[in-house]
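Here is a short report for a reader meeting this structure for the first time. Please look over the sequence and the 3D view before reading on.

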Amino acid sequence: MVRLPPATISLLAVASLSSCTLENFKVEACELDDTVGFRISPIDGWIRDYQPRPDELYVGVADGRRYENAVVWATRLNHDDFDKRASRTLIVYGQRILGWETQQQPKPLSRRVGYAVSISDGGHHGRAEFELGKPMPAC
């Protein structure tokens, strides 16, 4: 049996932790009455599962336009409320979220237009594409 000095063990532990990356989470667009919702799946963690606590959301036209021309809704958590952010399993398009600031008021979504939603959780990210009029699961 080989015994490693404590300094070597500490160095190996730091090296292994620094190679870890934060897992992304799954986002699924779903149909909710006349609008769309975004279902957020938990992350299957190595030690424990984790339900994302989003802090930023962006919805845009998914055709390669510049951000200013593509964005149809953008909102993010007020920086002062970062430590109080709640875990979420569903966000409804255009719905005001308490403690969040709106960067772009929600615009009406059009049928036969492809959109992408991007949700961030302090290093974890989720993304989905959707199109109104195409089949989506119910929320």
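## Overall make-up

This is a predicted model. The protein has 139 residues, and 31% of them count as buried. It holds two helices and eight strands. From the N terminus, the elements follow the order α-β-β-β-α-β-β-β-β-β.

Take the contacts between residues at least 6 apart: 58% of them join residues at least 24 apart.

## The five-stranded sheet

Five strands form an open sheet in the order β6-β4-β3-β7-β8. The pairing is antiparallel. At the edges sit β6 (100-104) and β8 (124-131), each pairing on one side only. From one strand to the next, the twist averages 15°. In general, strands of a sheet pair through backbone hydrogen bonds, either parallel or antiparallel.

Now the pairs. β4 (residues 71-77) joins β6 over four bridges, in the antiparallel sense. Here L77 has W100 of β6 as its bridge partner. β3 (residues 56-61) and β7 are joined by six bridges and run antiparallel.

β7 is largely enclosed by the rest of the structure, because six of its eight residues are buried. Is S120 buried or exposed? Its relative accessible area is 10%, under the 20% cut-off, so S120 counts as buried. Leaving aside residues up to four places away in sequence, S120 touches P54, D55, E56 and H125.

β7 also pairs with β8, antiparallel, over eight bridges. D121 has its bridge partner, H124, in β8. The two strands form a hairpin with two residues between them. In this hairpin, G122 takes a positive phi near 50°.

## The second largest pocket

The second largest pocket has a volume of about 200 Å³. Its lining is made up of 13 residues. Which of these lie nearest its centre? They are D33, D34, T35, R111 and L132.

Conventions: Residues numbered from 1 in each chain as written. Predicted model: local features only at pLDDT ≥ 70, side-chain atom pairs only at ≥ 80, totals over all residues. Heavy atoms only, no water. 1 Å grid on protein atoms, 1.4 Å probe; cavity = no way out; pocket = protein on both sides within 12 Å on 5 of 7 lines; lining within 4 Å. Points joined across faces, edges and corners; volume = space filled by probe spheres on them. Pairing = 2+ DSSP bridges. Axes fitted to C-alpha atoms, helices over the stretch in contact; angles between N-to-C directions. Buried < 20%, exposed > 50% of the residue type's maximum accessible area, 1.4 Å probe, protein only. Contact = heavy atoms within 4.5 Å.
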